[in-house]
Amino acid sequence: MTENLVRHRVADGTATITLDSPHNRNALSARLRRELRDLLIADIADESVRVIVLDHTGPVFCSGMDLRESRGAGAADQGVNEFPELLELIWTSPTPVVARLAGPARAGGVGLVAAADIAVAADTATFAFSEVRLGVVPAVISVTVLPRLAARAAHELFLTGETFDAARAVDIGLLNSAVAAEDLDAEVSRMTRMLAAGGPAALAATKAMLRSPRSGRLTEEFADMLALSARHFAGAEGQEGMRAFAEKRPPSWVPADGPPGSAAGRG
């Protein structure tokens with residue numbers, strides 16, 4: 001029986017999806033992409049899952065597309081064309097997604113990192129948009145990467161393909177934090193605990209708001225945001241949250257022994 005290239009576990013409301021193809025540096029082969037897509041769809045649909053952590057085995061988070069499969073592929077190749085679905089699933093997921101990197105990411109792997117809501121890496125991790133050095137364009141990943149990166153840095157790094165470290169990844173907006181390797185799991189757990197303390201509907205609506213384009217017409221935008229705010233203030237979740245605050249107790253979506261997510265870490 002063929003072993004899966006992506007592993008999965010759920011504990012305390014946190015789903016950990018682990019890329020487990022270290023023999024090719026967790027490259028985005030067709031099989032790995034299919035398994036990752038199916039698990040993302042399942043976890044997003046599971047109301048008991050409050051946070052999704054994208055993890056990896058081996059020294060490399062993700063080396064990008066599997067170049068052995070890409071050689072000879074035409075523009076209409078279905079395997080390549082399914083990659084945008086993965087990025088969109090992570091980007092639009094109503095459930096918050098945290099990327100945990102103990103090692104490097106390249107090309108398409110950086111696209112996965114950028115699509116996540118929160119990205120935490122060991123300070124030894126490195127990154128590169130290596131596409132131009134292979135004679136190809138970092139086109140698909142630009143959809144998730146460019147909203148994260150400072151414009152000058154994007155031009156430099158996309159055009160040169162230069163490798164950069166985790167400290168610079170934080171500075172330009174690709175990562176939220178870079179910590180010592182021994183502190184990585186604690187930092188991921190800290191993030192998942194904070195995310196899981198939010199109301200699920202409020203988190204989903206806030207994610208949708210964050211990715212919505214702004215029209216620049218302030219009167220219309222204020223009206224839309226006022227309506228959004230009012231719906232959630234009046235909704236069951238908002239009312240429960242305010243009651244819990246007044247009664248000095250956790251809201252109903254947080255277990256009495258603390259928010260889920262504390263067990264997040266290596267998958």
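Two strands pair if DSSP finds at least two bridges between them. Helices (H or I, at least four residues) and strands (E, at least two) are DSSP runs, numbered from the N terminus. This is a predicted model, in which local features need pLDDT of at least 70 and side-chain atom pairs count only at pLDDT 80 or more, while totals for chains, interfaces and linings use all residues. Residues are numbered from 1 along each chain as its sequence is written, and side-chain values use heavy atoms, with hydrogens and water left out.

**View 1**
Strands of a sheet pair through backbone hydrogen bonds, either parallel or antiparallel.

**View 1. Strand 4 (residues 97-101) and its neighbours.**
Strand 4 runs parallel to strand 6, and four bridges join the two. Leu101 stands opposite Ala121 in strand 6. Strand 3 (residues 51-56) also runs parallel to strand 4, joined by three bridges. Here Ile52 has Val97 of strand 4 as its bridge partner. Strand 4 is largely enclosed by the rest of the structure, because five of its five residues are buried. Buried means under 20% relative accessible area, exposed means over 50%, and partly exposed lies in between (1.4 Å probe, protein chains only). Val97, Ala99 and Leu101 point one way, Val98 and Arg100 the other way, and all are buried. In a regular strand the side chains alternate between the two faces of the sheet.

**View 2. Strand 6 (residues 118-122), mostly covered.**
Five of the five residues of strand 6 are buried. Ile118, Val120 and Ala122 point one way. Ala119 and Ala121 point the other way. Strand 6 pairs with strand 9 (residues 177-179) in the parallel sense, over three bridges. Val120 stands opposite Ser177 in strand 9. Ala121 has Ala178 as its bridge partner there.

**View 3. The second largest pocket, with about 260 Å³ of space.**
On a 1 Å grid over the protein atoms alone, a pocket is an open set of points with protein on both sides within 12 Å along at least five of seven lines, and lining residues have an atom within 4 Å of a point. Grid points are joined across faces, edges and corners, and the volume is the space filled by probe spheres set on the points. Trp91, Pro96, Ala115, Asp117, Ile118, Arg148, Leu195, Leu203, Thr206, Lys207, Leu210 and Arg211 form the lining. Helix 10 (residues 200-211) gives the most to this lining, with five residues. By class, the lining has seven nonpolar, one polar and four charged residues. Ala, Val, Leu, Ile, Met, Phe, Trp, Tyr, Cys and Pro count as nonpolar, Asp, Glu, Lys and Arg as charged, and the others, Gly among them, as polar.

**View 4. Ser212, in the loop between helix 10 and helix 11 (218-234).**
Ser212 is partly exposed, with a relative accessible area of 38%. A polar atom of the Ser212 side chain lies 2.7 Å from the backbone oxygen of Ala208. A polar contact is a pair of N or O atoms within 3.5 Å; within protein, one must be able to donate a hydrogen and the other to accept it, and residues adjacent in sequence count only if both atoms are side-chain atoms.

**View 5. Asn24 and Asn26, in the loop between strand 2 (14-19) and helix 1 (30-45).**
Asn24 counts as buried, at 12% relative accessibility. Its side chain makes a polar contact of 2.7 Å with the side chain of Ser21. Asn26 is buried, with a relative accessible area of 0%. Phi of Asn26 is near 55 degrees, a positive value in a residue other than glycine. Most residues other than glycine have a negative phi.

**View 6. Ala107, in the loop between strand 5 (105-106) and helix 5 (108-115).**
Ala107 has a positive phi, near 50 degrees, and is a residue other than glycine. Ala107 is buried, with a relative accessible area of 10%.

How values were computed. On a 1 Å grid over the protein atoms alone, a cavity is a set of points where a 1.4 Å probe fits but cannot get out, and a pocket is an open set with protein on both sides within 12 Å along at least five of seven lines; lining residues have an atom within 4 Å of a point.
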